[in-house]
Every structure is written in C-alpha cells, then in structure tokens.
Amino acid sequence: MSASTREAVGARCEPVTLEAGDVLHRMGDVTSAVYFPETVVISTLASYSDGTGIEMANVGREACSALNLILRHPRQLAADEVQIAGRALRLPAERFRELKSEHRDFENALFSVVQSVLYQAMVSGACNAAHEAKPRLARWLLTMGDRTDGNEMRLTHDFLAQMLGVRRATVTNAALDLQSQGLIKYARGRLEITDIKGLRGASCECYDLVRSANAELLPDKRSGD
C-alpha cells in the first residue's frame with residue numbers, strides 16, 4: 001500500500017490489547033470489526049455441537065481477521081478467537097468498508113490476504129491427512145514463533161490438542177518427543193523453542209510451503225506515493 005493509504009487506515013484504527021481465549025466473533029455473528037494483529041495471533045475455528053472447536057487457519061501480523069468482510073459477506077462463517085495474547089489494531093466494520101471503496105491499493109492488499117489465508121487452510125487440511133502429530137506440532141510452533149518475534153509462549157496441552165484436532169495424549173507424546181531432542185522446553189503451560197533449526201528439521205514441508213506463499217503474496221515491503 002502507499003504511505004497515504006497506510007496513514008488513512010491507521011487513523012481509523014483503535015489500538016487494543018487482547019488476551020488468550022478472547023472470542024472476537026462467534027459463528028453467525030454480524031462482523032463488527034476487523035482486527036490487524038501486531039503481536040497477537042488469532043485463530044479461525046470450526047465450531048461443533050459438542051462445544052469443541054478445531055483450528056482451520058490462524059493469522060498474525062501478516063494478515064487480518066474477517067475475510068468474510070473482504071469478500072462482502074457481513075456474517076461470520078466461523079469463530080475468531082485469540083490464540084496468543086498481544087496487541088492489535090481494531091477497525092470498525094463500517095470504517096473498513098469505507099476504506100476499501102476509497103483506496104484501491106488497500107482492497108488489492110486485502111485480496112492478497114484472502115489468498116494467503118485460504119492457501120494456509122488448504123495446506124493445513126492436507127497436512128492433517130498426510131502427516132503425524134509430531135511434525136504438525138513442530139510446524140505450528142514454528143509459525144507461532146515467526147508471528148510473535150519470540151521463542152516463548154503460554155500454551156497448554158489441552159489448547160494444543162484443540163488447535164491440532166488430536167487427543168491430548170497425542171499432543172503430550174509429541175511434545176515430550178520434541179523436548180527429548182532438545183528442540184523445545186515445556187513446563188507449567190510455558191513453552192520455549194530452544195533449537196529453531198532442529199525444529200525445522202522435525203517439521204513437515206508444509207511449514208515452508210506456507211512461508212513461501214506468504215513471501216510471494218504478502219511481501220514485507222512498502223512503497224512510496
């Protein structure tokens with residue numbers, strides 16, 4: 001986006017601090033706002049009648065929530081929940097629509113976000129069918145490390161099981177295996193990545209597939225007016 005567009009978007013956003021577990025929108029809600037993560041990570045969850053939810057995709061500072069609004073659908077097709085606490089910019093839905101119509105480069109950037117998140121969801125679906133829990137967990141942790149600029153995060157086994165769509169015991173065994181290899185440290189809900197290179201080796205190739213797609217669709221560069 002141009003510098004003037006970034007300034008116009010930023011002027012209409014409100015900085016917010018979000019906590020892990022905060023539900024931003026539930027499935028079927030009219031989307032009230034779009035969230036642009038700075039340090040927070042937001043999960044899009046498939047919700048089931050027994051109260052469980054499984055992650056379909058997640059977004060960090062490279063993207064935003066509310067793909068439905070980008071595609072001009074007012075209601076949530078899935079729930080948005082904060083996965084990792086942090087800061088974000090909140091843009092009311094009506095202001096979002098105005099900016100989309102006023103700034104073509106903003107809309108074009110948003111379409112790239114849609115492509116990126118949809119590709120991530122498709123790769124995740126294939127990954128769930130093709131790969132075991134351990135490489136999937138390694139991939140997920142690497143993605144979180146990229147988005148938070150840190151190697152430490154607060155995560156429980158129950159939460160990881162929900163995100164990966166597996167039993168708690170499966171996550172526990174996978175985490176213990178990664179820890180025995182010296183790739184992570186995990187205790188009392190706090191997880192630390194201790195060997196990024198080693199964790200990449202333990203991850204499946206899906207991590208690099210999504211990372212490469214993001215580099216192409218959402219390059220970290222800024223243009224002048």
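What follows is a short chat about a predicted model of a protein.

Reader: Ok, how many helices and strands are there in the protein?

Author: The predicted model has 9 helices and 10 strands.

Reader: And why call it as compact as a globular protein of that length?

Author: Because its radius of gyration is 18 Å, close to the 17 Å that the globule rule gives for 225 residues. Along the principal axes, the C-alpha atoms fill a box of roughly 55 × 40 × 30 Å.

Reader: What share of the residues is buried?

Author: Buried residues are 47% of the 225. As for the surface, the protein exposes about 11500 Å², with 50% of that supplied by carbon and sulfur atoms.

Reader: Let's go to strand β6, then. How many of its residues are buried?

Author: For β6, residues 79–84, the count is 6 of 6, so to speak a mostly covered strand.

Reader: Which way does β4 run against β6, parallel or antiparallel?

Author: Antiparallel, with 5 bridges joining β4 (residues 41–47) to β6. Strand β2 (residues 23–25) is joined to β6 as well, by 2 bridges, and that pair also runs antiparallel.

Reader: Which residue of β6 does Val23 stand opposite?

Author: Val23 stands opposite Glu81. Ser43 stands opposite Glu81 too.

Reader: Switching topic: how far apart are the mean positions of the positive and negative charges?

Author: They're 1 Å apart, counting 27 positive and 29 negative charges.

Reader: Last one. What about contacts with a separation of 6 or more, what share comes from residues 24 or more positions apart?

Author: That share is 73%.

How values were computed. Residues are numbered from 1 along each chain as its sequence is written. This is a predicted model: local features need pLDDT of at least 70, side-chain atom pairs count only at pLDDT 80 or more; totals for chains, interfaces and linings use all residues. Side-chain values use heavy atoms; hydrogens and water are left out. Helices (H or I, at least four residues) and strands (E, at least two) are DSSP runs, numbered from the N terminus. The radius of gyration is taken over C-alpha atoms; the globule rule is 2.2 Å times the number of residues to the power 0.38. Buried means under 20% relative accessible area, exposed over 50%, partly exposed in between (1.4 Å probe, protein chains only). Contact means heavy atoms within 4.5 Å. Accessible areas come from the Shrake-Rupley method with a 1.4 Å probe; for residues, only the protein chains shown count as cover. Lys and Arg count as positive and Asp and Glu as negative; His and the chain ends are not counted. The place of a charge is taken as NZ of Lys, CZ of Arg, CG of Asp or CD of Glu. Two strands pair if DSSP finds at least two bridges between them.
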